[in-house]
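Work through the exercises below with the sequence and the structure side by side. Each task is followed by a solution in steps.

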Amino acid sequence: MESRGVASVEQGERVVPSASRTAKRAAINGRANLMLIVAVSVAAVVELAGLTFLLRMWGTAALCLILPLVILTPPHWGLIHEAIHGQLFASRRLNENVGRTLAVILALPFDAVRFGHLMHHRFTREPYDQPDVHTGAGPRWHSRLKYYFRLLGGFYFGELLLPLLAFIPTGTARSAVAATVSAEGPAGADVQRLFVNFATDPARRQRTRRDWLLSVALYGGAFYLYGVWWPVLVVVMYLRGVWLSMADNLPHFDVALDEPGRARNFRVARVWQGILMNHHLHRLHHQHPTLPWTVLTALAQERSPSANAAPEDAYFRSALRQFSGPVSASHR
């Protein structure tokens, strides 16, 4: 049932056909994915258990390990992202199990994240998917407050609390989702209906409860191990949440509906391409959502220079540009 549901969402994605040789011969790079899985798994062990022992041995000198832990956030999410699109491993079951395990470790609800991401592909920049736009409804300060909260970790914080919907009565969950997901726009009614159906599906609610309880047990044990150093774990979680929140907003920030893929590509130093798992090529991903991350760079080189390709902005400079605040709907 789950695979059919995912397929039905993906069928609605805006995909630009391509006859490029890279796209035709694209294959999952299992070795690259496996290496990244090992790296983020080691980072998870250090974050949840190892760092607490190092803090007791080295004191504050061990805090320098926070930086590499945060830097390994994008590949951790990137691997979950590949699993969402079925591009982590050729085996569907292995793809599902590894993706779900990685999500539990990051305290993300895999079913909800997968559904939300595929809906994002299908309904990119529809009214419900424009957190950076001030529509004019309500005071601008309120819109800015919501925007900065979401940008500075609020998106990840919301993902942490989202599984609680699976614990409340189905009718209450239905009302909560209907009140939260906008029904504006031509596809608004369908968007709202699909989200409500997801939130009330018994099988998904059961899996979400199970995964959330596993995450709670995992992090509860970690906080116990940290003891008096527990604020360090909070800082690591928060910084990882800020990275995830900013990275989620960046490719679509101030993007108009007539832009290709309703997303943007960015340029980044080669050393960062593997760490970001080529998420700086987000427009290409939206145009070719079924391609593995490892082929996007070659595909970008094939298509450049393109007649309709705009100059690409720097990834990290654009990340800072997000702090200019929400844009007005009338100026887009």
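**Exercise 1. A charged pair in one helix**

Task: Find how Arg 193 and Asp 190 are placed relative to each other in helix H10, and say how their side chains meet.

Solution. Step 1: Arg 193 and Asp 190 both belong to helix H10 (residues 188–199), and because they are three residues apart there, about one helical turn separates them. Step 2: their side chains meet in a salt bridge, with 3.3 Å from N to O. The model examined here is a predicted one. Step 3: Arg 193 has 42% relative accessibility, so Arg 193 counts as partly exposed. Asp 190 is partly exposed as well, with a relative accessible area of 38%. Step 4: elsewhere, salt bridges that share partners join Glu 96, Arg 100, Asp 111, Arg 114, Arg 207, Arg 210 and Asp 211 into one network.

**Exercise 2. A pair from that network**

Task: Are Arg 114 and Asp 111 buried or exposed, and which helix holds them?

Solution. Step 1: both residues lie in helix H7 (residues 110–122), three residues apart, about one turn of the helix. Step 3: the cut-off for buried is under 20% relative accessible area. Arg 114 is at 5%, so Arg 114 counts as buried. Asp 111 is at 1% and therefore also counts as buried.

**Exercise 3. The nonpolar core**

Task: Which residues touch the most other members of the largest nonpolar core?

Solution. Step 1: this core has 56 residues, and those touching the most other members are Leu 51, Trp 77, Leu 79, Ile 80, Ile 84 and Leu 108. Step 2: helix H3 (residues 30–58) gives the largest share of the core, nine residues. Step 3: another core, of 13 residues, lies apart from it and includes Phe 123, Val 177, Ala 187 and Phe 195. Step 4: beyond its neighbours within four places in sequence, Leu 51 is in contact with Val 46, Ala 62, Leu 65, Leu 69, Tyr 226 and Val 232.

**Exercise 4. The surroundings of a histidine**

Task: Where is His 285 found, and what is it in contact with?

Solution. Step 1: His 285 is found in helix H14 (residues 282–287). Step 2: His 285 counts as buried because its relative accessibility is 5%. Step 3: leaving aside neighbours within four places in sequence, His 285 is in contact with His 81, His 85, His 117, His 121 and Leu 296. Step 4: the side chains of His 285 and His 85 are joined by a polar contact of 3.3 Å.

**Exercise 5. Two positive phi angles**

Task: What is the phi of Ala 107, and what is that of Asp 254?

Solution. Step 1: most residues other than glycine have a negative phi. Step 2: Ala 107 is not a glycine, yet has a positive phi of about 65°. Ala 107 lies in the loop between helix H6 (92–105) and H7, and counts as buried at 11% relative accessibility. Step 3: Asp 254, also not a glycine, has a positive phi of about 55°. Asp 254 is in the loop between H12 and strand E2 (266–267), and is partly exposed with a relative accessible area of 26%.

Terms used. Residues numbered from 1 in each chain as written. Predicted model: local features only at pLDDT ≥ 70, side-chain atom pairs only at ≥ 80, totals over all residues. Heavy atoms only, no water. Helix = DSSP H or I, 4+ residues; strand = E, 2+ residues; numbered from the N terminus. Buried < 20%, exposed > 50% of the residue type's maximum accessible area, 1.4 Å probe, protein only. Contact = heavy atoms within 4.5 Å. Polar contact = N/O pair within 3.5 Å; in protein donor to acceptor, adjacent residues only side chain to side chain. Core = buried A, V, L, I, M, F, W, Y, C linked by side-chain atoms within 4.5 Å. Salt bridge = Lys/Arg side-chain N within 4 Å of Asp/Glu carboxyl O.
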